[in-house]
Amino acid sequence: MNHYNKNTIKDSKTIAIALFIVFPADKKYKETNLLSQIELSGTYLSYFQNKIQTLILSNNINLIKKCSFYKRYKKNNINLFNLEDDNLTLCRKEKNQTFQYAFPKIDCLPIINDYFKKKENFSHLIISDIDSIFLDVNYLIEYVKNVKTISAIDYYPDNYLKKDFQKMMKKLISFSLPDSFYLKDKKTENKKMFWINSGFMIINKELLNHLPALCKSCYEWAFENKTYIKKSMGWGTEVIFSAIFNFLNGKRIETRHSKVARFIWTCNIALYLPYELINPFNIPCHIHLPAIKWVDKQMQILTLLGRYKKLRFISIFFINIWGLTERIQNSSRSKIHFRVILKLLSLTEKFILRIL
């Protein structure tokens, strides 16, 4: 009877989450930073290992096995996939480009698809960047059930889209994606195109089976027209996944106030992106924090808090306060009230680092 119950619990998981970490061979300094990021995301995710299967794809799984978060997992709740050079075809093609290692999500899709074919119980894949944290998954699990193709964050405000983005996206879709695809309702003529964040995506298993071919088709045309694409959007996996998302009328997640996923800048990286506050009474399941990897102290604090179950939600306080204080203009930082706030924050950070 006990053996049956264990198998039932194991097979009850319907969602797998994939994390990607590719270590550049010629950039040793990058290794430490990437390990810090996977330590951050892996620590928070480990609390939900009985509900969501964790897949980590890396070209150096031996380094992953040495991470502290890995020891928090039971072996049947995590799978490590070792990537060979032959697996990273797009990464190699992008040699000498700034985004050389921005394409493992696409390179690894055939590996993940093969894994899903062997696991009939899985219905959806979640793709997440490693500069992220998970605070809850219960709401996410319910949300995922209604994702028929793909769901992702539309993280640019309506009043900000680069010049000719709409036109470029429609052209990319028309030249790259087949009209004969198995899903209907793919008209794009009068439809608004969304610019999605590929740092958090939910993909239905049926779509996953077609995704490697769709991504390859999109990438080939985009690569040949890279200069044109970069003027309207930039360059990276978001080009490819945004095209597929719009082509299939994906389920849009509005980043502001979403309980599923949020995209939060903890620095003042762009003036057109407003400060966003996380409501502690409406906690999102997933938070993508792209600026966190640039500030070692912030990443250390969040990771330390994540190691203690009752302290994890204090992370929200720090994320909110970092986003707020980083938006204080330099000209105002000398004012007495801002100096007091910044000093108190610094002392609190040092205290956290010292006692945990």
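**Salt bridges and their surroundings**

Modeller: Of the 356 residues in the chain, 53% are buried. The model is a predicted one. Its chain has 15 helices and ten strands. Among contacts between residues at least 6 apart in sequence, 79% join residues at least 24 apart. The accessible surface is about 17,900 Å², and carbon and sulfur atoms account for 52% of that area.

Now to the part you asked about. Side chains of opposite charge can pair when their charged atoms come close. With a cut-off of 4 Å between a side-chain nitrogen of Lys or Arg and a carboxyl oxygen of Asp or Glu, the count is six salt bridges. One of them joins Asp 154 and Arg 252, at 2.8 Å from N to O. Because Asp 154 belongs to strand β6 (residues 150–154) and Arg 252 to strand β8, this pair ties together parts that are 98 residues apart in sequence. Arg 252 also meets Glu 254 in a salt bridge, with an N to O distance of 3.5 Å.

A separate pair is Glu 142 with Lys 145, whose closest N and O atoms are 3.0 Å apart. Glu 142 is partly exposed, because its relative accessibility is 45%.

Most residues other than glycine have a negative phi. Asn 249 is not a glycine, yet its phi is positive, at about 55 degrees. Its relative accessibility is 30%, so Asn 249 counts as partly exposed.

Elsewhere in the chain there is an open sheet of three strands, in the order β5-β10-β9 with mixed pairing. β5 and β9 (261–263) are at the edges with a single partner strand each, so one side of each has no neighbour in the sheet. From one strand to the next the twist averages 15 degrees. β9 and β10 (residues 286–288) run parallel and are joined by three bridges, and Ala 261 is opposite His 286 in β10.

Phe 134 lies in β5 (residues 132–134). At 2% relative accessibility, Phe 134 is counted as buried because buried means under 20%. Beyond four places in sequence, Phe 134 touches residues including Ile 17, Tyr 44, Phe 48, Cys 285 and Arg 312.

Helix α13 (residues 296–306) is largely enclosed by the rest of the structure, because eight of its eleven residues are buried; among them are Gln 298, Met 299, Ile 301 and Gly 306. On the surface, Ile 336, Val 340, Leu 344 and Leu 347 form a nonpolar patch with about 380 Å² of accessible area together. Leu 347 belongs to helix α15 (residues 336–355), and its 44% relative accessibility is why Leu 347 counts as partly exposed. In an α-helix there are 3.6 residues a turn, so residues three or four places apart point the same way.

Definitions and conventions. Residues numbered from 1 in each chain as written. Predicted model: local features only at pLDDT ≥ 70, side-chain atom pairs only at ≥ 80, totals over all residues. Heavy atoms only, no water. Buried < 20%, exposed > 50% of the residue type's maximum accessible area, 1.4 Å probe, protein only. Helix = DSSP H or I, 4+ residues; strand = E, 2+ residues; numbered from the N terminus. Patch = residues over 30% accessible without salt bridge, like charges linked within 9 Å, V, L, I, M, F, W, Y side chains within 5 Å. Areas by Shrake-Rupley, 256 points an atom, 1.4 Å probe, with all protein chains shown as cover. Contact = heavy atoms within 4.5 Å. Pairing = 2+ DSSP bridges. Axes fitted to C-alpha atoms, helices over the stretch in contact; angles between N-to-C directions.
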